[in-house]
Amino acid sequence: MRKLGLACLLAALCLGGGLGEASAQADDFSGLAGPQFEEMSASITALAAHGGPQGDAALQALEDRHLFSGADGALFIHDGAVCQNARTGEAASCPEDLKPVRLNNRIRTVLAGAHALRELSSAEPDVRLKAAQALYARHDMTMLPALEQAMSTEKVPRVHEKLMQAHAATVLAQAPAEGTQATRLKAVGYLAEVGGLEARGLLANVAASAVEAPEVRHAAQRAVSRIDWHLRVWSVLQNAFYGLSYGSVLLLAATGLAITFGVMGVINMAHGEMMMIGAYVTWLVQQGIRMTVPALEPIAILIAIPVAFVVCGGIGVVIERSLIRFLYGRPLETLLATWGLSLVLQQVIRSVFGPTNIAVQTPAWLSGSLMVGGLDITLNRLAILVFAGLVLAGLMFVLRRTTLGLQMRAVTQNRRMAALMGIRTPKVDALAFGLGAGLAGLAGVAVSQIDNVSPNLGQSYIIDSFMVVVFGGVGNLWGTLAAAMALGMGGKVLEPTIGAVSAKIAILVLVIVYIQRHPRGMFPVRGRGIES
Amino acid sequence: MPVTMPNLSRRNFGRLALASSAAALSGALGAGYARAATPKGEPIKVGILHSLSGTMAISETTLKDVMLMLIAEQNSKGGLLGRPLEAVVVDPASNWPLFAEKARQLLSVDKASAVFGCWTSVSRKSVLPVFEELNGILFYPVQYEGQECSRNIFYTGAAPNQQAIPAVDYLLSEAGGGAKRFALVGTDYIYPRTTNQILVNYLKSKGIADEDIMVNYTPFGQSDWQTIVSQLKAFGSGGKKTAVVSTINGDANVPFYKELGNQGISATDIPVMAFSVGEEELAGMDTKPLVGQLAAWNYFESIETPANTAFIKEWHAYTKQPKRTTNDPMEAHYIGFNMWVQAVTKAGTTDHDKVIDAMIGIRQPNLTGGIAEMLPDHHLTKPVFIGEIQDDGQFSVVWKTPALVPGQAWSPWVAQTKDLIGDWRKPIACGNYNTVTKTCLSRKHA
């Protein structure tokens with residue numbers, strides 16, 4: 001029933017189109033095959049209105065990029081396996097020299113509108129809800145009759161409400177005409193209730209319009225200032241989330257360094273390169289899984305976590321045994337040696353994988369965002385926030401509750417005494433350095449989801465990592481946590497007001513001033529062994 | 001220190017690579033071509049001044065490779081003036097002062113007849129005094145902010161009126177969505193700042209109000225775009241169609257586009273027009289969330305012409321990487337190198353002054369159709385294309401300028417330079433000639 005009613009309505013929509021169920025005519029399709037975007041747009045509108053099932057199939061194929069044009073305006077749907085004539089739906093043999101039908105943004109917009117219109121008649125309420133949502137964002141006046149028709153038949157309350165919103169938005173998007181004042185006033189009131197950025201855009205347009213009735217204009221102005229006030233309140237929370245999320249990235253990058261530099265006292269300039277290797281491991285794991293077990297691809301990133309930890313940890317142990325152990329107690333030489341090492345590692349990666357960025361895939365479950373009230377929480381950032389918390393908790397557990405942690409703390413506090421108590425200090429050193437490198441590898445996995453993965457990845461994190469560890473207090477994990485969050489929050493609170501460049505400078509100045517006053521950072525470690 | 005080791009051997013490495021690749025190429029082509037006479041005599045040295053390490057290596061390494069390919073090809077065609085060409089590759093390591101040092105070395109020690117190099121404007125500014133002092137020849141292949149016209153530099157990339165202005169015209173037009181509100185987002189250095197200054201004046205002349213223009217700068221390598229993208233989102237809710245013009249440089253683009261995708265901004269809501277994102281940059285990105293985002297260039301790999309197809313084929317054969325992309329600055333080097341070859345042939349010598357004079361008026365077909373001509377202000381005539389990012393990492397051209405656009409060294413949209421032109425022909429022979437007062441602001445070339 002719904003399908004039939006909508007089809008009739010769509011037919012009526014098309015100006016000058018045939019009444020009733022008109023079958024697709026050859027010229028409805030022909031715009032799709034041509035090079036002109038205007039004709040293509042007209043074709044899509046015509047097909048959406050009265051193209052029948054064949055038109056629907058062609059539009060769907062166009063969206064999926066399965067529509068191809070051949071010689072003489074022939075159109076084919078080719079989804080990799082089956083080939084059919086787009087006009088008739090009959091199976092055909094596709095010619096060799098097919099060209100995919102090109103799209104541009106305007107066509108994509110028209111296509112999305114046509115898609116939403118098709119889905120308004122779906123039997124699934126969720127699909128209809130999505131369609132109504134799309135039409136709300138579109139607010140195209142040609143969709144108005146279809147919306148009214150759908151509203152009159154819609155039974156599910158949440159879909160109906162969304163349709164009402166879409167209707168109000170569409171009404172307001174049109175230029176005001178005689179006698180529409182009451183309808184428009186109602187629409188303004190309705191959108192003011194809905195709120196959000198899209199409603200604000202529409203209302204701002206009405207409020208600034210010169211041809212609008214003064215009454216409607218004033219209502220829109222009031223609505224805009226009300227929405228603005230709401231948005232300001234939410235934006236405080238939003239910035240707090242951005243700060244936490246930025247802080248969690250800093251925290252992840254710094255935890256490894258908190259072990260190698262904070263606990264062991266090794267100035268490890270190659271720390272960023274361990275992160276970089278972690279990110280490359282993520283990519284290798286993804287590639288490997290795609291080639292062997294494609295079914296596991298969505299969770300490749302989870303598999304990469306332990307792999308990156310083990311690989312980077314292993315490299316860390318090798319570095320400690322072959323380089324760092326000869327340099328204990330010589331900080332300047334350590335600094336130079338690890339800096340040199342960082343350049344060597346960069347160049348090795350550059351020679352093996354090339355200097356260009358590599359594309360680490362973000363699985364679908366980590367893409368997009370979650371709306372919580374007026375908060376827009378991006379999933380990858382949320383995942384990193386949780387991951388950083390887990391890594392810190394895990395590290396705390398290792399340091400406080402395991403034999404290795406106990407031995408590490410003993411060795412840092414008094415190496416000679418620990419050795420006399422039977423602790424094999426070289427082994428503890430190697431494992432501690434490996435732990436730090438492994439943590440950097442974990443940070444690399446996380447960073448691969450938000451940043452670009454290239455041989456230079458590490459350089460952009462090393463300064464920030466040192467800053468976090470020093471600012472927080474060398475040797476104190478809680479200090480690292482507090483410093484990461486303070487720097488993250490500070491940066492994100494300052495950024496919208498004074499700009500990203502000035503915010504960065506301001507943060508550095510604040511850190512310098514603070515360190516001058518408190519040379520041991522926010523949470524200094526106290527004890528007898530520290531001075532020596 | 002281990003760092004300097006590769007630098008010391010870089011030149012020899014370059015020669016070795018050149019020799020072996022030339023051998024490989026001539027071997028491959030030998031069967032098809034009637035072999036030209038083997039070039040003899042003192043080699044003509046061609047300097048290549050591109051970063052092979054550091055942050056800019058990602059972009060510049062490709063340009064070094066394309067130069068080696070062009071030189072090898074020229075040698076297989078019999079060299080130049082009957083003499084072989086020899087590439088001298090140096091690595092300025094993305095370090096701006098080192099660019100000047102290496103340029104001095106190329107000109108005074110290696111006696112390079114021409115130098116092809118630089119990417120960032122700051123590196124060009126750093127070598128400019130060296131080229132002017134030693135009277136060298138530099139071919140600069142990257143789109144840039146203009147406002148410069150040196151007798152010793154040939155600007156084979158786009159000036160702002162060959163990229164930024166047509167791109168904004170497209171966004172303002174019906175086909176481009178008819179944007180009425182513009183966010184100019186860029187990295188904080190000379191190219192974005194100058195380009196945005198030009199664009200703000202241009203937009204105002206088109207009737208865009210002050211409150212509808214937002215300018216935002218970020219530091220190099222910005223990786224956390226959360227607040228800026230949400231600012232853009234809020235800016236886009238002003239009730240008018242909004243577009244973003246991005247002069248974000250290099251690596252910062254990947255996290256920027258990722259954040260756009262995650263916050264749900266698609267090209268159909270707020271299109272982003274980028275001036276520094278090409279095929280090479282897209283190679284490191286998952287382009288599905290970016291479909292429909294825009295870029296303005298004078299060359300796209302996806303443009304099908306016989307010359308471009310042949311060039312891409314040769315590039316793949318030369319690099320032995322069948323998927324390696326080509327991009328706009330590579331085409332600029334292709335045009336610049338061939339123009340230089342023509343000019344040297346015309347002058348019959350590699351003498352710098354004679355070649356510089358011979359360069360003006362040289363014509364060389366573009367890879368994408370039309371003919372590039374070297375103008376008196378050392379800029380080229382170029383076609384301008386607007387491309388939309390596709391899900392395969394390529395651009396699909398959606399718009400092009402109806403005719404070739406001649407480059408302007410000095411922007412008419414900046415108050416201080418609106419009366420200036422560059423003309424290195426006699427009798428003006430001046431890089432910044434004021435057409436109103438009829439004077440040359442700097443020293444005239446004798």
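This is a predicted model: local features need pLDDT of at least 70, side-chain atom pairs count only at pLDDT 80 or more; totals for chains, interfaces and linings use all residues.

Reader: How do strand 10 and strand 14 of chain B pair, and over how many bridges?

Author: Strand 10 (residues 294-297) and strand 14 (residues 385-389) of chain B pair in the antiparallel sense, over four bridges. Residues are numbered from 1 along each chain as its sequence is written, and chains are lettered from A and ligands numbered from 1 in the order in which they are written.

Reader: And which strands form the open sheet in chain B with mixed pairing?

Author: Seven strands form that open sheet, in the order 7-6-8-9-10-14-15 of chain B, and the pairing is mixed. Its edge strands are strand 7 (213-218) and strand 15 (395-400) of chain B, each of which pairs on one side only. From one strand to the next, the twist averages 25°.

Reader: Which helix packs on the sheet?

Author: Helix 6 (residues 190-205) of chain B packs on the sheet, where this helix touches strand 6 (181-187), strand 7 and strand 8 (242-247) of chain B. The direction of helix 6 makes about 165° with that of strand 6 of chain B; axes here are lines fitted to C-alpha atoms, for helices over the stretch in contact, and angles run from 0 to 180 degrees between N-to-C directions. Two residues are in contact if their C-beta atoms, placed from the backbone, lie within 7 Å.

Reader: What about the open sheet of three strands, what is its order?

Author: The order is 17-18-19 in chain B, with antiparallel pairing, and the edge strands, pairing on one side only, are strand 17 and strand 19 of chain B. Three bridges join strand 17 to strand 18 of chain B, and Ile421(B) has Tyr433(B) in strand 18 as its bridge partner.

Reader: Where is Pro427(B)?

Author: Pro427(B) sits in the loop between strand 17 (420-423) and strand 18 (430-434) of chain B, and a cis peptide bond with omega of about 10° joins Lys426(B) to Pro427(B).

Reader: Lys438(B) has a positive phi, so is that residue buried or exposed?

Author: Lys438(B), whose phi is about 55° although it is not a glycine, counts as exposed because there are 8 C-beta neighbours inside 10 Å. The rule is that a residue is buried if 20 or more other C-beta atoms lie within 10 Å of its own, exposed if 12 or fewer, and partly exposed in between, with C-beta atoms placed from the backbone. Lys438(B) lies in the loop between strand 18 and strand 19 (439-440) of chain B.

Reader: Switching to Lys102(B), why does that residue count as buried?

Author: Lys102(B) is buried because 23 other C-beta atoms lie within 10 Å. Its place is in helix 3 (residues 96-109) of chain B, and, leaving aside neighbours within four places in sequence, Lys102(B) is in contact with Leu49(B), Val90(B) and Pro92(B).

Reader: Which residues touch the most other members in the largest nonpolar core?

Author: Of its 218 residues, they are Met275(A), Leu442(A), Val46(B), Val168(B) and Met273(B). A nonpolar core is a set of buried Ala, Val, Leu, Ile, Met, Phe, Trp, Tyr and Cys residues joined through C-beta atoms within 7 Å. A second, separate core of 59 residues includes Leu32(A), Leu59(A), Val101(A) and Val159(A).

Reader: Lastly, how many helices and strands does chain A have?

Author: Chain A has 21 helices and six strands, and buried residues make up 45% of its 532 residues. Along its principal axes, the C-alpha trace of chain A spans about 95 × 65 × 35 Å.

Conventions: Helices (H or I, at least four residues) and strands (E, at least two) are DSSP runs, numbered from the N terminus. Two strands pair if DSSP finds at least two bridges between them.
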